[in-house]
Amino acid sequence: MTEFAAFKKMKELLTNYYFEAKTTQEKPIAWITSGAPVEFLYAMDIIPVYPENYAAMCAANHQSIELMEAAEAEGFSQDICAYARTDFGADIRQGGPAAGLPPPHFLLCSTNICKTVIKWYEVIARKYDVPLFIVDTPFLHDGLTPELIDYTVSQLKDLENFLADFTGKPFDRERFIEVLALSREAADYWLKMLNLAKNIPSPFNSLDTFIHLGPIVTLRGTRECVDYYKLLYEEVAERVANKLASVPGEKYRVLWDNLPVWFKMRDLEKFFEKHKTTLVVTTYANSWGGYGSYSLDSIDEIYKSVAISYLSPYINTGFEERIKYLAQLIDEFSLTGFIMHSNRSCKPYSVGMYRLQEELSKRTGKPGVIIEADQNDPRAYSDAQVETRLEAFIESMTGIN
Amino acid sequence: MFKPFHDVVTSVSRTILEHEKNLGRPVIGVMPAYFPMELIWAAGGYPVQLWGNNLPLEKSDAYLQAYCCSVARSVLELEMRGLAPMVKAYAFTSLCDTLINLREIYRRIFAKPTIELSIPITRTVAARQGYLRSVVQSAVENLEKITGKKITPETLSEAAQLYGRTRALQRALYQIRRENPGVMKNHDFYTAMKTGFFLPADVYNQMLEDLLKGLQTRPVPEGKRPKLLLSGMVFDPLEIYAIFDELGADIVDDDFANGWRTVSKENLQVDNLTDGITEFLFNPAPCCCIYNPDNDRHPYLLNKVKESGADGVLFWYIKFCEPDAFDRPQLMKRLKQEGTPVAFADLELSMSNFDAIKTRISAFCEILEG
């Protein structure tokens, strides 16, 4: 990985975060999906805990297989999302880098990343006998409509009532607006940092961003998160000023679509470095930049803009929107090609990808490749197959120099 | 007695083409699950339900990965092979991630229009009502564009009667099966159910009425035979029911999305269509694809076992169906705790070798026989 001084800070932040979550006696714990409106929780002093984030950590630490096997032994099929299986296993074994997650007092789930999370959280809700609040964000086949926004706003206001009932204190709207401002500021820094990869050579690669997105997922809405991304942004900007490349001799610049292959980060990095290829931009890391557009002008505008943000993640949008966005990234980041990860564990990202690849290549004239893999399950990954496909893809690209 | 049903199921295309010609209504292919046929009929369409098929998957691999369920893959295969020329448009619901994206694929590779009934699963009742109202309105408008005809209170009422009658007759068939295990072969029963996917409702209703009359005097096999309840999304492949028949096992009830979960729905209330469709989607039988904690699958299934007198439950798992797969372990555990034997079989619609499944069913039946 590209060496950043900020990395140490991030480790410290995440260690503190997990430590507090594991040891708190006063604050309620909510398990929450990565696309759920966390700002409501921070406003009420509730600690959000992210099973997805934890599952990724388990895989990056090469612990996912044993945990998934524990879940599979309880009857969970290998067909279901490997994040869910890893977390079920971590819960059964109290395993993984933090020895399991602290038990939840309630669950908050949004359908903007998939419908699978409903099923996943239903299993948890039943196991722990805790309430589950779902913010339903229907798929945007044809973009946003006033009805979709009203639908979501109405649920967000109901979430406030739920939190007030749960905590026994009124929803703190003033604090909520402060949290939103912090969330927006952090997302702004995150996006500004990601956009620095438009520079040639790129000062970082996308595998770095996968590592550094921990705080924007888990701590979005806190001062620490803003401070961290300010620090990271400044460090990356300095690399740009000094023309420091993430991959020395950068020849190819590519996009990565879908989640990372968490258990193969190091190997893939070495592979790409060897081939003078920088992963410059990803739809996945960019998703958390989408929370930088909250309006804080009036109460109505606030709710509307929060609803829009949470309705609009890339994978909750129709294919026309996706192709337009991907083509725009290819253009703005001066890319030479794109990689799509057909991820067995993530159907919303992956189903339809073969068609998207065809159309995107046609529209942009850039070559693309699809690799068959899984975000968390090493048993669904073949080094030889992936490398052969990537090598052929790299040969098909025209380099930047 | 069941021959007319078998004839339909073995010649689906010809059957649909004949009725399309007679009716002069455009055929609308209905994807899984819970899109009210009533809306399509009321708009002047002829709905046919597509729950997958057993075509070898050759062309659909170009667009759907092997980790998508065989329902989605085989339905796409049908259209890609050009085997559904009579289908003029497709109706979807937002049942699962695969079907949501499948609609996007259809929109990009085929010229046929698609419509979607997005199912809002929020617990915020006012939000759900408001959004569903707009969803229904949009579905109605899009259907009217496809058929060129308006839905009127009269056509809607007629459609509600027609399809309500279908489900009432199907419920009567379920009741006969439940009360008289073995009175009809399992294979015949599900063939009769499947027939309803393809026929105009009035034609199908007449066939069911004739069948129900004929069944009244039918003898029931003697001796103790294992009684099963099946649970899953899709009751295909039909071939497997011949295995139950061969083994002398009786399916006395089911919890299939295209079986009892749909059949149990009362007449669609059309006075307030939003409320009517809400009721239609969420009740009375719970489904793994529709979040509804007010209607918990655990007590529901336990009660169903009790009421049907089933000796055990076989979970009928079409591979890669995540909603079904997530629910199963806890459901199986609960049933076991309550003393109900359980087993599961994983299946693909395109499977052609049934030896392994036969062994599994046979072993489970032996357990049930004690």
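B:Ala91 stands opposite B:Ile115, a residue of strand E4 of chain B. Keep in mind that this is a predicted model. The two strands involved are E3 of chain B, residues 87-93, and E4 of chain B; they run parallel and are joined by four bridges. Helix H5 of chain B, residues 97-109, belongs with them: E3, H5 and E4 make a right-handed β-α-β unit.

Staying with E4 of chain B, residues 114-117, which way do the residues point? B:Thr114 and B:Glu116 point one way, B:Ile115 and B:Leu117 the other way, and all are buried. In general, side chains in a regular strand alternate between the two faces of the sheet.

Next, chain A, and one residue in helix H7: A:Val153. Leaving out residues up to four places away in sequence, A:Val153 touches A:Tyr303, A:Lys304 and A:Ala307. Of these, take A:Lys304: it is 151 residues from A:Val153 in sequence, yet the C-alpha to C-alpha distance is 6.3 Å.

Last, the interface. On chain A, 36 residues are in contact with 42 residues of chain B. Which elements of chain A give two or more residues to that side? They are helix H6 (116-128), helix H7 (146-167), helix H16 (347-350) and helix H17 (353-364). By class, the side of chain A that touches chain B has 14 nonpolar, ten polar and twelve charged residues.

Technical notes
Residues are numbered from 1 along each chain as its sequence is written. Chains are lettered from A and ligands numbered from 1 in the order in which they are written. This is a predicted model: local features need pLDDT of at least 70, side-chain atom pairs count only at pLDDT 80 or more; totals for chains, interfaces and linings use all residues. Two residues are in contact if their C-beta atoms, placed from the backbone, lie within 7 Å. Ala, Val, Leu, Ile, Met, Phe, Trp, Tyr, Cys and Pro count as nonpolar, Asp, Glu, Lys and Arg as charged, and the others, Gly among them, as polar. A residue is buried if 20 or more other C-beta atoms lie within 10 Å of its own, exposed if 12 or fewer, and partly exposed in between; C-beta atoms are placed from the backbone. Two strands pair if DSSP finds at least two bridges between them. A crossover is right-handed if, with the strands pointing away from the viewer, the path from the first strand over the helix to the second runs clockwise.
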